[in-house]
Amino acid sequence: MTDVSGEGAGLSERLGVDIDAELLSRALTHRSFAYENGGIPHNERLEFLGDSVLGQAVTVMLYTTQPDLDEGELAKRRASVVSTVALAEAARGIGLGEYLLLGRGEEQTGGRDKDSILADTMEAVIGAVYLSAGQDAATDLVLRLTQPLLEDPERYGAAIDPKTSLQEIAARLSFDPPRYSVQSSGPDHDRRFTATVVVGDLSQTGVGTSKKTAEMAAALSAWHVLSDRA
């Protein structure tokens with residue numbers, strides 16, 4: 001196991017949770033790094049656990065705090081909070097990207113800011129917190145990370161369908177519809193996409209493992225900027 005005790009301690013402080021150093025190291029280890037370092041354990045099992053902890057925490061919170069919402073609206077809100085885009089946003093908020101252990105290929109293609117990698121690692125960290133400090137601590141972390149999204153109802157729609165949300169806000173600002181362009185890089189089995197969206201005087205980019213996810217990431221980034229103007 002690679003030692004990340006120094007950096008890990010810094011991340012633990014940011015999260016406000018005392019996390020076992022070995023578990024945190026594993027949570028930060030992407031499979032690309034693991035394969036390049038003799039097949040050491042990586043974070044996908046912790047990601048599996050963290051996904052369940054995340055879903056339960058958000059579901060219980062919404063059910064208990066939103067008694068007037070029906071099942072369909074509860075499901076919509078849960079989907080937005082646990083989406084890849086939302087989790088990546090939460091990960092950026094704590095600077096998670098700087099702590100990642102990535103293989104050379106991922107490092108060179110901007111893996112530290114890819115939505116999919118950030119979201120998966122965020123779930124793995126939640127899993128590590130669950131094992132280190134228990135369910136209450138993990139639930140508390142989930143709620144703290146997702147609170148900014150929950151406090152702004154407009155961001156539910158943006159997290160689920162950022163392209164539609166961007167088009168709507170562009171119309172409100174009397175801009176032409178957003179225009180997208182996408183470039184790809186890497187081998188066929190590990191393709192990476194970078195999307196650029198132009199709307200009004202604004203240009204934003206996003207990356208992803210598919211054209212769709214890259215465009216969604218770019219759209220959400222642009223939506224955040226324009227929402228401050230609307």
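Colleague: Which residues in α12 do Pro162, Lys163, Ser165, Leu166 and Ile169 in α11 meet?

Modeller: First, this is a predicted model: local features need pLDDT of at least 70, side-chain atom pairs count only at pLDDT 80 or more, and totals for chains, interfaces and linings use all residues. Residues are numbered from 1 along each chain as its sequence is written, and side-chain values use heavy atoms, leaving out hydrogens and water. Helices (H or I, at least four residues) and strands (E, at least two) are DSSP runs numbered from the N terminus, and contact means heavy atoms within 4.5 Å. On that basis, those α11 residues meet Glu215, Met216, Ala219, Leu220, Ala222, Trp223, Leu226 and Ser227.

Colleague: How many residues of that contact of α11 with α12 are nonpolar?

Modeller: Ala, Val, Leu, Ile, Met, Phe, Trp, Tyr, Cys and Pro count as nonpolar, Asp, Glu, Lys and Arg as charged, and the others, Gly among them, as polar. Here 2 are polar and 2 charged, and the nonpolar count is 9.

Colleague: At roughly what angle do the axes of α11 and α12 cross?

Modeller: Axes are lines fitted to C-alpha atoms, for helices over the stretch in contact, and angles run from 0 to 180 degrees between N-to-C directions. For α11 (residues 162-172) and α12 (residues 211-227), the axes come within 8 Å and the angle is roughly 35 degrees.

Colleague: Is α8 roughly parallel or antiparallel to α9?

Modeller: The two axes come within 7 Å and cross at roughly 150 degrees. Angles under 35 degrees count as roughly parallel, over 145 as roughly antiparallel, 65 to 115 as roughly perpendicular and the rest as oblique. So α8 and α9 are roughly antiparallel.

Colleague: Which residues of α9 make the contact with α8?

Modeller: By class, this contact has 10 nonpolar residues, 1 polar and no charged. From α8 come Met122, Ile126, Val129, Tyr130 and Ala133, and from α9 come Gln135, Ala137, Ala138, Leu141, Val142 and Leu145.

Colleague: Which residues are closest to the centre of the largest pocket?

Modeller: On a 1 Å grid over the protein atoms alone, a pocket is an open set of points where a 1.4 Å probe fits, with protein on both sides within 12 Å along at least five of seven lines; lining residues have an atom within 4 Å of a point. The volume is about 400 Å³, and the lining has 2 nonpolar, 9 polar and 9 charged residues. Of the 20 residues in that lining, the closest to the centre are His30, Arg31, Glu106, Asp190 and Arg192.

Colleague: Which helix gives the most to the lining of the second largest pocket?

Modeller: This pocket holds about 250 Å³, a volume being the space filled by probe spheres set on grid points joined across faces, edges and corners. Its lining divides into 14 nonpolar, 2 polar and 4 charged residues. α1 (5-15), α6 (84-93), α8 and α9 (135-150) each supply at least two. With 7 residues, the top contributor is α9.

Colleague: How far apart are the C-alpha atoms of Gln204 and Tyr180?

Modeller: Gln204 is found in strand β3 (residues 202-208). Beyond its neighbours within four places in sequence, Gln204 touches Ala195, Thr196, Val197, Ala218, Ser221, Ala222 and Val225. Tyr180 is 24 residues away along the chain, and the C-alpha separation is 9.8 Å.
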